[in-house]
Amino acid sequence: MTNYEIQSKTAFAVLGLGTTLTGDYQALPAQKQAFWEKVNADGQLTTLAQRAQNELKFAVNEAINGEMHYYAGVQVAADTPTSGAAMRLIQFPAGNYLVIRGSAATAFELFSQLEGAAFGQVLPTLDDYAYVGGPNTAVLTSTADQATASGEMWIPLAAK
């Protein structure tokens with residue numbers, strides 16, 4: 001079983017560059033990977049990082065009006081203005097979060113591993129908490145000499 005903990009977090013905001021995901025759930029990982037690679041390769045995420053409060057990079061999943069959206073972003077002040085149609089300020093509420101830590105060869109492999117552990121292993125076993133929707137995020141906390149990516153999955157929880 002994956003190691004995890006329940007942490008209380010203050011409210012925070014992520015300014016993200018986004019895309020809409022289409023197709024069934026099996027198609028989503030490839031779309032996410034292509035988008036993550038694109039915003040890193042073309043410098044959009046680096047440009048966005050100039051507005052960040054810290055060095056963390058975020059990969060956010062959010063369902064809006066029945067559509068799945070995916071964002072690459074950075075943590076910013078809650079009143080940060082957006083610019084451009086593909087940019088969104090995503091608000092995360094204060095409260096309890098499922099936190100799972102991990103590491104992998106690349107940031108995207110890390111994000112996939114953490115999502116799989118959270119939704120496939122941990123959330124189904126929680127007795128006192130449930131994920132009831134809203135945005136969730138994988139957070140890239142560090143890269144060691146570009147050889148290993150470390151990070152966490154943060155999923156907001158509600159008491160059952």
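Visitor: Which residue forms a salt bridge with Lys32?

Guide: In this predicted model, the partner of Lys32 is Glu115, and the closest N and O atoms of the two are 3.0 Å apart.

Visitor: How many salt bridges does the structure hold?

Guide: There are 5 salt bridges, and one of them joins the side chains of Glu5 and Arg101, at 2.6 Å from N to O. Glu5 lies in strand 1 and Arg101 in strand 6 (residues 95–104), so this pair ties together parts that are 96 residues apart in sequence. Arg101 also meets Glu152 in a salt bridge at 3.0 Å, which leaves Glu5, Arg101 and Glu152 linked in a network.

Visitor: New topic: which residues have the most contacts inside the largest nonpolar core?

Guide: Those are Trp36, Tyr70, Leu98 and Phe111, in a core of 35 residues. Helix 3 (residues 107–122) gives the largest share of this core, with 7 residues.

Visitor: What is Phe111 in contact with, leaving aside its neighbours within four places in sequence?

Guide: Phe111 is then in contact with Trp36, Ala59, Tyr70, Ala138, Val139 and Leu140. There is also a second, separate core of 12 residues, which includes Val60, Ile90, Phe92 and Tyr97.

Note on methods: Residues are numbered from 1 along each chain as its sequence is written. This is a predicted model: local features need pLDDT of at least 70, side-chain atom pairs count only at pLDDT 80 or more; totals for chains, interfaces and linings use all residues. Side-chain values use heavy atoms; hydrogens and water are left out. A nonpolar core is a set of buried Ala, Val, Leu, Ile, Met, Phe, Trp, Tyr and Cys residues joined through side-chain atoms within 4.5 Å. Buried means under 20% relative accessible area, exposed over 50%, partly exposed in between (1.4 Å probe, protein chains only). Helices (H or I, at least four residues) and strands (E, at least two) are DSSP runs, numbered from the N terminus. Contact means heavy atoms within 4.5 Å. A salt bridge is a side-chain nitrogen of Lys or Arg within 4 Å of a carboxyl oxygen of Asp or Glu.
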